[in-house]
Amino acid sequence: FAIWLHSHEEELTVDEEEKYDAFLAKEMRPPPIYSPNLPKPYVNWMRLNTNMLRNLPTPKRHSKHGCSQDPVFYTTTVPTYNMTPYSGNYWGQSLPPTPVFEKGEPFGTEYGFMTEMGVVPLPSIPIHGYVFDPITERG
């Protein structure tokens, strides 16, 4: 800033150099940012009601429905293996391949609750202090 203002002059004065050095010192080190002291989360074990867990419904896996934007998804097939004594193909006869979108859940599954209006996803906030863990499948 001082050099630009005085670029037409030969040399800077001592006062101008001090102003420029002060300006550079501010640019190189911004003022410190202080964060507030936040309370640490804790569990009040005396207020946890274990009987409420029994009253909560158990979430179940439900298929995700949708349409693939990729047309190759509907033409991709996988081999069909149906080796049961009741299928008629027990002796290793080849079956026609099955399209991927007709096999199982092509778009995957998610946990939720079935209601009369359809599947409702799990809440993102704790209910009575409990959250559902999809890995252990317990609340």
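Q: Where does H62 sit in the fold?
A: This is a predicted model, so local features are given at pLDDT of at least 70, side-chain atom pairs at pLDDT 80 or more, and totals for chains, interfaces and linings use all residues. Residues are numbered from 1 along each chain as its sequence is written, and side-chain values use heavy atoms, with hydrogens and water left out. Helices (H or I, at least four residues) and strands (E, at least two) are DSSP runs numbered from the N terminus. On that count, the place of H62 is strand 1.

Q: Is H62 buried or exposed?
A: Buried means under 20% relative accessible area, exposed means over 50%, and partly exposed is in between (1.4 Å probe, protein chains only). H62 comes in at 18% relative accessibility, so the label is buried.

Q: Which residues does H62 touch, leaving out those up to four places away in sequence?
A: Contact here means heavy atoms within 4.5 Å. With residues up to four places away in sequence not counted, H62 touches G108, T109, E110, G112, F113, M114 and V119.

Q: What is the strand order in the open sheet of three strands?
A: Two strands pair if DSSP finds at least two bridges between them. The pairing in this open sheet is antiparallel, and the order is 1-4-5.

Q: Why is one side of strand 1 and of strand 5 left without a neighbour in the sheet?
A: Look at the edges of the sheet, where strand 1 and strand 5 (118-121) stand. One side of each has no neighbour in the sheet because each has a single partner strand.

Q: What does the twist average from one strand to the next?
A: Axes are lines fitted to C-alpha atoms (for helices, over the stretch in contact), and angles run from 0 to 180 degrees between N-to-C directions. From one strand to the next, the average twist is 70°.

Q: How many bridges join strand 4 to strand 5?
A: These two strands form a hairpin, with two residues between them. In strand 5, G118 is the bridge partner of T115, and V119 is the bridge partner of M114. Strand 4 and strand 5 run antiparallel, and the bridges joining them number four.

Q: Which residues does V120 touch, not counting those up to four places away in sequence?
A: V120 lies in strand 5 and counts as partly exposed at 36% relative accessibility. V120 and P59 are 61 residues apart in sequence, yet 9.6 Å apart in space, C-alpha to C-alpha. Skipping residues up to four places away in sequence, V120 touches G112, F113 and T115.

Q: Which side chains meet in a salt bridge?
A: A salt bridge is a side-chain nitrogen of Lys or Arg within 4 Å of a carboxyl oxygen of Asp or Glu. The structure holds one of these. At 3.4 Å, N to O, the side chains that meet are those of K64 and E110.

Q: How many residues apart in sequence are the parts that K64 and E110 tie together?
A: K64 is partly exposed at 37% relative accessible area, and E110 is partly exposed at 44%. K64 lies in the loop between strand 1 (60-63) and strand 2 (77-78), while E110 is in strand 4 (residues 109-115), so the pair ties together parts whose separation in residues is 46.

Q: Which residues form one aromatic cluster?
A: Rings of Phe, Tyr and Trp (its six-membered ring) pair if their centres lie within 6.5 Å; planes under 30 degrees apart are stacked, over 60 edge-to-face, and the rest tilted. The count comes to three aromatic pairs. In one, the F73 and Y74 ring centres are 5.2 Å apart with planes at 85°, so this pair is edge-to-face. The cluster is made up of F73, Y74 and F107.

Q: How far apart in space are G129 and R47, C-alpha to C-alpha?
A: G129 lies in the segment after strand 5 and counts as exposed at 56% relative accessibility. In sequence, G129 and R47 are 82 residues apart, but their C-alpha to C-alpha distance is 9.3 Å.

Q: What pattern does the protein follow along the sequence?
A: The secondary structure comes to three helices and five strands. Read along the sequence, the pattern is α-α-α-β-β-β-β-β.

Q: What percentage of the 139 residues of the protein count as buried?
A: F73 is buried, with a relative accessible area of 17%, whereas Y74 is partly exposed at 34%. Of the 139 residues, the share that counts as buried is 9%.
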